Amino acid sequence: MKNVLDSLVKVFCEDCQQRMQRIVDIVQSGMPLSCTQLDQLHQEFDTLFGGARAVHLPGMELFFRNMAIYARYLRNCLRDGQTIDQPAWQDLLAGIAMLRRCGDEMPLRLEICSSDSATLLSAIENRINKGDAG
Amino acid sequence: MKILIVDDSMTSRMLFKVYMPKDGQHELFEAAVLPDALEKMREVQPELVILDYNMPEHNGVEMAQAMLGAGFKTKFVLLTANTQRTVVDAALAAGFIQVVEKPVNAAKIAALLAQVA
């Protein structure tokens, strides 16, 4: 069973690297992001969330789930005509920067350092709960 | 039974490969995007197509509609982490025989195959 899980984690790591590159490409195409770009980010984070859950990496699962929810939240705010302020964009960028810092060791390094992401995730959750994007 | 799994997540496709019963009764094929899926449909004529819902270009329901539109007759199963009623209803209305919640495991795959057989 451990061999099976090891194989799955290896595939997930490869998947993570490819999706991370796509996430970076979306963000580097310029801020602020459009609804379509936020949908793309949501799709990438949501798929990574599902993968992390499948390979039993709970820290990553929580991180990607929250990033997916946040991308969808910002998309909905934009769609509803709300202005998204700089700190709200910064939270999204901070999450992506955190992933980039993990580099080639992502996702396992992020799993180990999942406590580092707690502050950011908490800020994002507060923002969503307050309905605050601007 | 020939089964085609269409999912842009390589982790998800790997789960099927790992957990599919190794009884020699099932042959698994995979695709990540619609053009590859259509090509595999033509090549292998699968009896069952398992489609992920959340994919970048087309969702699973749209893909099934494209396959039906191209004249393929097969059974469709939707794979999703999003079991919202609207998604399930859209899948059933489009002719999907079942919706399976992600992530899959050996038990879910065995139950699905038993139902489809």
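**Close-up views of a predicted two-chain model**

Chain B has a mean pLDDT of 92, and 100% of its residues reach 70 or more. Here pLDDT is the predictor's confidence in each residue, from 0 to 100. This is a predicted model, in which local features need pLDDT of at least 70 and side-chain atom pairs count only at pLDDT 80 or more, while totals for chains, interfaces and linings use all residues. Residues are numbered from 1 along each chain as its sequence is written, and chains are lettered from A and ligands numbered from 1 in the order in which they are written. The model scores ipTM 0.80 and pTM 0.85.

**View 1. The sheet of chain B.**
Chain B holds an open sheet of 5 strands with parallel pairing, in the order S2-S1-S3-S4-S5. Strands (E, at least two residues) and helices (H or I, at least four) are DSSP runs, numbered from the N terminus. Two strands pair if DSSP finds at least two bridges between them. S2 and S5 (98-101) of chain B stand at the edges with a single partner strand each, so one side of each has no neighbour in the sheet. From one strand to the next, the twist averages 25 degrees. In a regular strand the side chains alternate between the two faces of the sheet.

**View 2. Strand S1 of chain B and its two partners.**
Why is S1(B) (residues 2-6) described as largely enclosed by the rest of the structure? The reason is that 4 of its 5 residues are buried. A residue is buried if 20 or more other C-beta atoms lie within 10 Å of its own, exposed if 12 or fewer, and partly exposed in between; C-beta atoms are placed from the backbone. S1(B) pairs with S2(B) (residues 27-31) in the parallel sense over 5 bridges. Ile3(B) has Leu28(B) as its bridge partner in S2(B). Right-handed means that, with the strands pointing away from the viewer, the path from the first strand over the helix to the second runs clockwise. S1(B) is also joined to S3(B) (residues 48-52), in parallel, by 4 bridges. There, Ile5(B) stands opposite Ile50(B).

S3(B) is mostly covered, with 4 of its 5 residues buried. S3(B) and S4(B) pair in the parallel sense over 5 bridges. Asp52(B) has Leu79(B) as its bridge partner in S4(B). Leu79(B) also stands opposite Val100(B) in S5(B). S4(B) (residues 75-80) and S5(B) pair in the parallel sense over 4 bridges.

**View 3. Helices packed on the sheet.**
H1(B) lies across S1, S2 and S3 of chain B, running at about 175 degrees to S2(B). Helix H3(B) (residues 60-69) touches S1, S3 and S4 of chain B, and its direction makes about 145 degrees with that of S3(B). Axes are lines fitted to C-alpha atoms, for helices over the stretch in contact, and angles run from 0 to 180 degrees between N-to-C directions. S3(B), H3(B) and S4(B) form a right-handed β-α-β unit.

**View 4. Where the chains meet.**
How many residues of chain B are in contact with chain A? There are 13, and they meet 16 residues of chain A. Two residues are in contact if their C-beta atoms, placed from the backbone, lie within 7 Å. The chain B side has 7 nonpolar, 4 polar and 2 charged residues. Ala, Val, Leu, Ile, Met, Phe, Trp, Tyr, Cys and Pro count as nonpolar, Asp, Glu, Lys and Arg as charged, and the others, Gly among them, as polar. The axes of H2(A) and H1(B) come within 9 Å and cross at roughly 35 degrees. Gly50(A), Gly51(A) and Ala54(A) in H2(A) meet Thr11(B), Ser12(B) and Leu15(B) in H1(B). This helix contact has 2 nonpolar, 4 polar and no charged residues.

**View 5. Chain A and its confidence.**
Chain A has 6 helices and 0 strands. Of its 134 residues, 35% are buried. The mean pLDDT of chain A is 85, and 88% of its residues reach 70 or more. Confidence in chain A is highest in H2(A) (residues 35-54), at a mean of 92, and lowest in H5(A) (residues 108-112), at 65. Where pLDDT is low, the predicted coordinates should not be read in detail.

**View 6. The loop at Ile84(A).**
Ile84(A) lies in the loop between H3(A) (58-79) and H4(A) (86-102). Ile84(A) counts as partly exposed because it has 19 C-beta neighbours inside 10 Å.
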